[in-house]
Amino acid sequence: MKGGKSKADSRNPDSKLSVKKRKQKREKKAKDPNKPKRPPSAFFVFMEEFRKQFKEENPNNKLVAVVGKAAGDKWKSFTDEEKAPYVARAQKRKQDYERQMQAYNRRLEGGHGEEGSDKSKSEVNDDDEEGSGEEEEDDE
(Lines give C-alpha, C1' and ligand atoms only; values in the text may rest on other atoms or scores of the structure.)
Protein backbone atom coordinates (compact mmCIF):
# COMPACT_ATOMS: atom_id res chain seq x y z
CA MET A 1 0.00 0.00 0.00
CA LYS A 2 2.04 2.83 -1.25
CA GLY A 3 0.62 6.08 -0.07
CA GLY A 4 -2.89 4.76 -0.49
CA LYS A 5 -5.53 4.88 2.16
CA SER A 6 -6.52 1.73 3.94
CA LYS A 7 -10.15 0.74 4.16
CA ALA A 8 -10.30 1.93 7.74
CA ASP A 9 -9.07 5.39 6.75
CA SER A 10 -11.55 5.73 3.87
CA ARG A 11 -14.58 5.23 6.12
CA ASN A 12 -16.32 8.15 7.59
CA PRO A 13 -15.24 8.34 11.25
CA ASP A 14 -18.82 8.96 12.32
CA SER A 15 -20.15 5.89 10.48
CA LYS A 16 -19.62 3.68 13.51
CA LEU A 17 -21.65 6.04 15.63
CA SER A 18 -24.40 6.67 13.15
CA VAL A 19 -27.76 5.11 13.79
CA LYS A 20 -29.53 3.29 11.01
CA LYS A 21 -32.51 5.19 9.78
CA ARG A 22 -35.72 3.30 10.25
CA LYS A 23 -38.62 3.53 7.91
CA GLN A 24 -41.37 5.59 9.38
CA LYS A 25 -44.34 3.53 10.43
CA ARG A 26 -47.72 4.29 9.00
CA GLU A 27 -50.05 6.01 11.35
CA LYS A 28 -52.78 3.74 12.62
CA LYS A 29 -56.38 4.81 12.51
CA ALA A 30 -57.69 5.95 15.84
CA LYS A 31 -59.96 3.31 17.34
CA ASP A 32 -63.51 4.40 17.96
CA PRO A 33 -64.36 3.76 21.62
CA ASN A 34 -68.06 3.52 20.74
CA LYS A 35 -67.58 0.62 18.31
CA PRO A 36 -68.96 -2.64 19.73
CA LYS A 37 -66.42 -5.27 20.70
CA ARG A 38 -66.38 -8.55 18.82
CA PRO A 39 -68.22 -11.39 20.56
CA PRO A 40 -66.27 -14.22 22.20
CA SER A 41 -66.14 -17.66 20.66
CA ALA A 42 -67.69 -20.66 22.40
CA PHE A 43 -64.32 -21.52 23.93
CA PHE A 44 -63.96 -18.07 25.50
CA VAL A 45 -67.52 -18.25 26.85
CA PHE A 46 -66.45 -21.53 28.45
CA MET A 47 -63.24 -19.88 29.74
CA GLU A 48 -65.21 -17.19 31.62
CA GLU A 49 -66.96 -19.89 33.64
CA PHE A 50 -63.90 -22.14 33.93
CA ARG A 51 -61.67 -19.38 35.34
CA LYS A 52 -64.03 -18.83 38.27
CA GLN A 53 -64.25 -22.54 38.99
CA PHE A 54 -60.48 -23.07 38.63
CA LYS A 55 -59.73 -20.13 40.93
CA GLU A 56 -61.98 -21.59 43.64
CA GLU A 57 -60.32 -24.99 43.37
CA ASN A 58 -56.76 -23.59 43.15
CA PRO A 59 -56.64 -20.31 45.11
CA ASN A 60 -52.82 -20.28 45.29
CA ASN A 61 -52.31 -20.49 41.52
CA LYS A 62 -51.02 -17.19 40.10
CA LEU A 63 -50.04 -18.42 36.62
CA VAL A 64 -52.39 -17.56 33.76
CA ALA A 65 -50.75 -20.18 31.54
CA VAL A 66 -51.73 -22.96 33.95
CA VAL A 67 -55.37 -21.89 33.82
CA GLY A 68 -55.32 -21.68 30.03
CA LYS A 69 -53.66 -25.06 29.66
CA ALA A 70 -56.16 -26.73 32.01
CA ALA A 71 -59.11 -25.09 30.23
CA GLY A 72 -57.80 -26.11 26.81
CA ASP A 73 -57.36 -29.71 27.90
CA LYS A 74 -60.86 -29.82 29.38
CA TRP A 75 -62.40 -28.19 26.27
CA LYS A 76 -60.69 -30.76 24.02
CA SER A 77 -62.09 -33.59 26.11
CA PHE A 78 -65.68 -32.28 25.81
CA THR A 79 -68.13 -33.93 23.45
CA ASP A 80 -70.32 -31.87 21.13
CA GLU A 81 -73.22 -32.24 23.59
CA GLU A 82 -71.10 -30.81 26.41
CA LYS A 83 -69.98 -27.90 24.22
CA ALA A 84 -73.54 -27.14 23.05
CA PRO A 85 -74.52 -24.69 25.85
CA TYR A 86 -71.38 -22.64 25.27
CA VAL A 87 -71.91 -22.64 21.51
CA ALA A 88 -75.50 -21.45 22.03
CA ARG A 89 -74.40 -18.61 24.33
CA ALA A 90 -71.69 -17.60 21.87
CA GLN A 91 -74.25 -17.59 19.05
CA LYS A 92 -76.57 -15.36 21.09
CA ARG A 93 -73.74 -12.93 21.78
CA LYS A 94 -72.88 -12.91 18.09
CA GLN A 95 -76.47 -11.99 17.21
CA ASP A 96 -76.41 -9.20 19.82
CA TYR A 97 -73.12 -7.98 18.37
CA GLU A 98 -74.54 -7.93 14.85
CA ARG A 99 -77.50 -5.83 16.05
CA GLN A 100 -75.14 -3.44 17.84
CA MET A 101 -72.96 -3.16 14.72
CA GLN A 102 -75.98 -2.35 12.56
CA ALA A 103 -76.97 0.41 14.98
CA TYR A 104 -73.37 1.63 15.10
CA ASN A 105 -73.11 1.71 11.30
CA ARG A 106 -76.43 3.59 11.05
CA ARG A 107 -75.06 6.21 13.45
CA LEU A 108 -71.92 6.57 11.33
CA GLU A 109 -73.93 6.88 8.11
CA GLY A 110 -76.14 9.46 9.78
CA GLY A 111 -73.16 11.81 9.91
CA HIS A 112 -72.66 11.73 13.65
CA GLY A 113 -69.23 10.15 13.28
CA GLU A 114 -67.30 9.61 16.46
CA GLU A 115 -69.50 12.06 18.38
CA GLY A 116 -72.65 10.11 17.49
CA SER A 117 -73.60 9.24 21.04
CA ASP A 118 -74.46 11.41 24.01
CA LYS A 119 -73.42 8.57 26.28
CA SER A 120 -70.14 8.59 28.11
CA LYS A 121 -67.67 5.73 27.62
CA SER A 122 -68.74 4.15 30.88
CA GLU A 123 -72.38 4.13 29.82
CA VAL A 124 -71.45 2.51 26.53
CA ASN A 125 -69.54 -0.20 28.41
CA ASP A 126 -72.53 -0.70 30.70
CA ASP A 127 -74.72 -1.34 27.65
CA ASP A 128 -72.25 -3.93 26.37
CA GLU A 129 -72.36 -5.78 29.66
CA GLU A 130 -76.16 -5.77 29.73
CA GLY A 131 -76.25 -7.19 26.21
CA SER A 132 -74.07 -10.16 27.14
CA GLY A 133 -77.11 -12.26 28.00
CA GLU A 134 -76.08 -13.20 31.51
CA GLU A 135 -77.51 -10.14 33.25
CA GLU A 136 -80.69 -10.15 31.18
CA GLU A 137 -81.95 -13.17 33.06
CA ASP A 138 -81.46 -11.41 36.41
CA ASP A 139 -83.34 -8.27 35.32
CA GLU A 140 -86.59 -10.09 34.57
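**View A. Arg99 and Asp96 pair within helix 4.** Arg99 and Asp96 sit three residues apart in helix 4, about one turn of the helix. They form a salt bridge in this predicted model. The closest N and O atoms are 3.1 Å apart. Asp96 is buried, at 7% relative accessible area. Salt bridges with shared partners tie Lys92, Asp96 and Arg99 into one network.

**View B. Glu48 bridges to Arg93.** The closest N and O atoms of this salt bridge lie 3.0 Å apart. The pair connects distant parts of the chain. Glu48 belongs to helix 2 (residues 42-57) and Arg93 to helix 4 (residues 80-109). They are 45 residues apart. Glu48 is partly exposed, with a relative accessible area of 28%. Arg93 has a relative accessible area of 11%. That value is under 20%, so Arg93 counts as buried.

**View C. Arg89 bridges to Glu49.** Here the closest N and O atoms are 3.4 Å apart. Again the partners come from distant parts of the chain: Arg89 from helix 4, Glu49 from helix 2. In numbering, 40 residues separate them. Arg89 is partly exposed at 32% relative accessibility. Glu49 is also partly exposed, at 37%.

**View D. Helix 2 packs on helix 4.** Two packed helices are described by the angle between their axes and the distance between the axes. For helix 2 and helix 4, the angle is about 110° and the axes are 8 Å apart. An angle of 65 to 115 degrees counts as roughly perpendicular, so helix 2 is roughly perpendicular to helix 4. The crossing is right-handed.

**View E. Residues in the contact of helix 2 with helix 4.** Helix 2 contributes Ala42, Val45, Phe46, Glu48 and Glu49. Helix 4 contributes Tyr86, Val87, Arg89, Ala90 and Arg93. The contact holds six nonpolar residues, four charged residues and no polar ones.

**View F. Salt bridges in overview.** The count comes to four. One of them, Arg99 with Asp96, stays within helix 4.

Note on methods: Residues are numbered from 1 along each chain as its sequence is written. This is a predicted model: local features need pLDDT of at least 70, side-chain atom pairs count only at pLDDT 80 or more; totals for chains, interfaces and linings use all residues. Side-chain values use heavy atoms; hydrogens and water are left out. A salt bridge is a side-chain nitrogen of Lys or Arg within 4 Å of a carboxyl oxygen of Asp or Glu. Helices (H or I, at least four residues) and strands (E, at least two) are DSSP runs, numbered from the N terminus. Buried means under 20% relative accessible area, exposed over 50%, partly exposed in between (1.4 Å probe, protein chains only). Axes are lines fitted to C-alpha atoms, for helices over the stretch in contact, and angles run from 0 to 180 degrees between N-to-C directions. Angles under 35 degrees count as roughly parallel, over 145 as roughly antiparallel, 65 to 115 as roughly perpendicular and the rest as oblique. A crossing is left-handed if the near helix is turned anticlockwise from the far one by less than a right angle, and right-handed if clockwise. Contact means heavy atoms within 4.5 Å. Ala, Val, Leu, Ile, Met, Phe, Trp, Tyr, Cys and Pro count as nonpolar, Asp, Glu, Lys and Arg as charged, and the others, Gly among them, as polar.
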